[in-house]
Amino acid sequence: MNRSYSLSGEGTEADARSKESFKFVSEKMASHSPANPDEVPTCSLSVSQVSYTVSERVGPWWDLPSYRKRWTRQILTNVSFHVDSGQILGILGNSGSGKTTLLDAISGRIGNTGKLLGEVCVNGRKLKQEQFQDCFSYVLQSDNLLSYLTVEETLTFTAHLALRRHSSSAIRKKVGMVMAELSLGHVAHCVIGGRVFPGISGGERRRVSIAGQLLQDPKVILLDEPTTGLDSMTANQIVVLLANLAKRDRIVVVTIHQPRSELFRVFSRIAIMSQGELVFCGQPGEMVDFFSDQGYGCPEYCNPFDIYVDLTSVDTRCSERQATTYNRMHDIASAYRSSEIYRRMLGRIEESRQVTDKPCIPFKSKESPSGLSKLGVLFRRTMRNLSRDRMGVLMRLSQNLIYGLFVVFFVMKLDKDVTKGAVQDRIGIIYQAMGASPYTGMLNAVALCEYGGVVPPLWVGGAETQSVQGVPAVRAISDQESKDGLYHKWQMFLAYIFHILPFSIISVFIFSSFLYWTVGMYPEVSRFLCFSGVILVPHVIGELLTLVLMGVVQDPNMVNTGVALLNVAGIMVGSGFLRSNQQMPTVFKMLSYLTFQKYGCELLIVTEFHGLNFTCGDAPGIIPGQCMMSNGDAIIEQGYPGALTRYTQDFIMLYAFLPALVLLGIISFKIRDHLVRR
């Protein structure tokens, strides 16, 4: 066997010192062991021969010959381990070793893009695909939290989504117990915080994410690198906290990069992964003895985690080192599969299967509320979060008004003299009102997430977190919570729509009130209300259309481009400003009926021009025929024949776009459910 590792050069003397150095660890483990050997565990998790392969393209899309070829990549290779309740398993390994993929496979979140083999059993019973979600709680590496809610509010809303047969007092008690268990009582009334304003620390955010999973009383908790981004002291506290959770008759499986040496005595079992293989899995004391027996003793005063992860990692900087380190890793893995530790672990797996009276699978609490109750909880949560965001509320209410200021400053006052642009100015205002409203709606959905929240993960207080405001980040929360079984993504979509409607109505009313009366449009209250009602629809459609596309398109920039192009195309085809409907080719004339701009522009033209009489100045230089039309009805009939008789019909058709887009949004987020699971 290759003994090229630099720290093993002292031979048997180093081995003896390493065993002596970690002798105290094994002694400590006896008093710190989460599981009492004399007690029969109430729950067990067995993973047997789990393998996962994916088919990938050889080259990038611009290299067509290689892009057409595929190769099979082995992500996981025959991974097996066994954990009993009361134990915490730490899975170590370098980046790309397969730790997160293993957790995804165990939790049933691996998707359908590859081929998954093997079995996952709880209490000796093999889990079916539909049972994974109800059995495991999975804490992701990033903390997706609403930034303007307090810790207690965050957990209370989660409890209301997860628990039905509990009164409000029982839920408060449950939340209080979980916060006490995770030492969150001192920050119960502190906001989560985000990029724009401070909140709780990174370690406290991570504990809030864990607390949200504990509300459903899971027996098995999986955590993907919960210490990433935290300082060593906070990371140590998190792992000790998880060990204490395991002692309360739970199974805790955690992936971790670089644990401190003090954590050596905290883990019940330690697994090391490399290149998708399980190189070792056993008790901490067994790990020291195993590697020492292979000739890789841990030098004194060194962190055994760092030493053994380095030993089993493959160095890809050059082909010679890659071959050497791969052979070393393969030799260690082969030695482990031939060891008594491995055979004993396989015996525990087989023993759990052979039990005649197997315990039932411990599912999480299934007392989920009704769909309508969940919708109400999501609406209250979203509304409370947004209402505390002063900058976000101010931007929502003022965006249209600021745009109106530019229009008013440019137009100043409408005239009734045709020679002074009376007709052209009115058409220009209608064009701007119809064309700009969808853009402000789109900005509300996408760009406002920059305040109090971001689209990609962000480092705050050392921990990776997502503080949420806009659709992209709210979508990240719905992806996570729907996988946890709290609700369906389309329910979050409906709750988001309900919470934006009051702000949209107020924003458009402020904009239209200022614009309509300041520039001097038709001075009639009923027409002003019609004008406001028409402008509201494209504004809401802009946001709804963004939501619909965000369901199936991941990149917000592509959504922005798509909404902008659709709006431009609708204005060109449906408004009648660029080319009159009579002169338009039949294909485009038919397409115009599918645009909301057609009905909106007709309504605004009729609202402003019906019954309006124009004058024609007698100043010299008037172009012949310039004053042929001095009556608004004649202008309507020339540009939009029959629009006066279609006024009510146009209103109905315009507002029909709203429920149609809501239905499309529900379908879109149902499709997203399928895409996320892939």
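How are α8 and α9 oriented relative to each other? The two helices, α8 and α9, are roughly parallel to each other, a label given to angles under 35 degrees, while angles over 145 count as roughly antiparallel, 65 to 115 as roughly perpendicular and the rest as oblique. The model is predicted, so local features need pLDDT of at least 70 and side-chain atom pairs count only at pLDDT 80 or more, whereas totals for chains, interfaces and linings use all residues. Residues are numbered from 1 along each chain as its sequence is written, and side-chain values use heavy atoms, with hydrogens and water left out.

**Helix α8 with helix α9**

- Helices are DSSP runs (H or I, at least four residues), numbered from the N terminus.
- The axes of α8 (residues 202–214) and α9 (residues 232–247) cross at roughly 20 degrees and come within 10 Å; axes are lines fitted to C-alpha atoms over the stretch in contact, and angles run from 0 to 180 degrees between N-to-C directions.
- On α8, the contact (heavy atoms within 4.5 Å) is made by G203, R206, R207, I210 and L214, and on α9 by T234, I238, L241, L242 and L245.
- This contact of α8 with α9 has six nonpolar, two polar and two charged residues, where Ala, Val, Leu, Ile, Met, Phe, Trp, Tyr, Cys and Pro count as nonpolar, Asp, Glu, Lys and Arg as charged, and the others, Gly among them, as polar.

**Helix α6 and its partners**

- Helix α6 (residues 151–162) packs with α8 at an angle of about 25 degrees, their axes being 9 Å apart; α6 and α8 are therefore roughly parallel.
- V151, T154, L155 and T158 of α6 meet V208, A211 and G212 of α8, and this contact has four nonpolar, three polar and no charged residues.
- With α7 (residues 168–181), α6 packs at about 125 degrees, the axes lying 10 Å apart, which makes α6 oblique to α7.
- The contact joins V151, E152, L155, T156, A159 and H160 of α6 to I171, V175 and M179 of α7.

**Bent helices**

- Helix α18 (residues 489–519) has 31 residues and reaches 44 Å from its first C-alpha to its last, close to the expected 45 Å, that is, 1.5 Å times one less than its number of residues.
- At I500, α18 bends by about 30 degrees, and P502, a proline, follows within four residues; the bend is the angle between axes fitted to the seven residues ending there and the seven starting there.
- After α18 comes G520, with a positive phi near 85 degrees.
- Helix α16 (residues 422–446) bends by about 25 degrees at A436, with the proline P438 following within four residues.
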